[in-house]
Amino acid sequence: YPLCALAVSDERPDAIHPDTAKMFAKSKYPMVQMIGAGTHHKKKRRKEGEICLRFFSSQLINLITTLNITEPYFCRAMKPNWTKSKADWDDTLVEDQLRSGGLIEALRVLKLGYPTRVPYQKIWDKFNGKIKNPLVNNLGQMGFAQAVLMAFGVDDTTYELGLTKIFFKPAKAAVLDEIMASADKPMSAEQNEMIVKFVQQKRTKQMVGAVKVFLKLSLRIRFKRARENMAKWGRVLGMVSRTVVRHADYAKNAMKIKAAQQIQAFFRSKDAMRTAGPQITEKRKVPTAWPLV
């Protein structure tokens, strides 16, 4: 913590060398002179942790006091690039940050001309409990405010719904005052009918949207499972098919080898018959003499 470091530098038990103190004293900046104004004599050793903690506690109390008497605002800092360079600018990165922070949507609403902003809580406090309709009472603040506007015949093209507020066009600012003035009056039958119709349409859209989301998610889940099954069983089928092909090739080669061996044996027998044929014929012509007993 920078301020805590300055406080510790004043209270450090270590001695400052005289040359260092002279160098800081010659500076033209008062802060540098204050940092180097320590003594070069050894002081009694004190606990640095207690000094830093006491200084930080006093700063924190002062900060809380300042925040209580002021109205702080949150400043959104944008990261211009991924390289931490002061010269580079990534349009896509900055645009994503602006869109995620809601600034682009806020600028779009301001560009369309919706200067009047009314919190949902204001309409909720005025009309909550005065509309005797269980369907409306189950709505949130956004839907409740929209139902009240529909009951008074406000066109949905004259306002935009935000996260916590309704944005009205300039021409419809007076209509809002009339609606707020009619908060103490009971709703007419026509207004109740319009509210019921609006709630029914809203529920129908929610159901249709839920079905679309369910079908889309289920389709994605089926595709994911199909890819996983294909990756799993595809490898198994590939291994089996490679094994079958390998054994088929082995059997085919074995049959070719056996056929070649039979052909080779046939031709060898023919060659042997051609070589041994004259000898056999000659042997048959020579008479055999049997010995007399």
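In this predicted model, strand 2 and strand 3 (residues 165-168) run antiparallel to each other and are joined over three bridges. Within this pairing, Tyr159 stands opposite Phe168 in strand 3.

These strands belong to an open sheet of three strands, arranged in the order 1-3-2 with antiparallel pairing. Strand 1 (116-119) and strand 2 (159-161) are the edge strands, and each of them pairs on one side only. From one strand to the next, the twist averages 25°.

Two helices lie across strands of the sheet. Helix 7 (residues 120-127) lies across strand 1, strand 2 and strand 3, and runs at about 55° to strand 1. Helix 9 (residues 141-151) lies across strand 2 and strand 3, at about 160° to strand 2.

The aromatic rings come next. Searching the whole structure gives two aromatic pairs. One is formed by Trp124 and Phe144, with 5.0 Å from centre to centre and 65° between the planes, an edge-to-face arrangement. Because Trp124 lies in helix 7 and Phe144 in helix 9, this pair ties together parts that are 20 residues apart in sequence. Trp124 and Phe144 are both buried.

Phe266 and Phe267 also form an aromatic pair, again edge-to-face, with 5.6 Å between the centres and 80° between the planes.

Key:
Residues are numbered from 1 along each chain as its sequence is written. This is a predicted model: local features need pLDDT of at least 70, side-chain atom pairs count only at pLDDT 80 or more; totals for chains, interfaces and linings use all residues. Side-chain values use heavy atoms; hydrogens and water are left out. Two strands pair if DSSP finds at least two bridges between them. Helices (H or I, at least four residues) and strands (E, at least two) are DSSP runs, numbered from the N terminus. Axes are lines fitted to C-alpha atoms, for helices over the stretch in contact, and angles run from 0 to 180 degrees between N-to-C directions. Contact means heavy atoms within 4.5 Å. Rings of Phe, Tyr and Trp (its six-membered ring) pair if their centres lie within 6.5 Å; planes under 30 degrees apart count as stacked, over 60 as edge-to-face and the rest as tilted. Buried means under 20% relative accessible area, exposed over 50%, partly exposed in between (1.4 Å probe, protein chains only).
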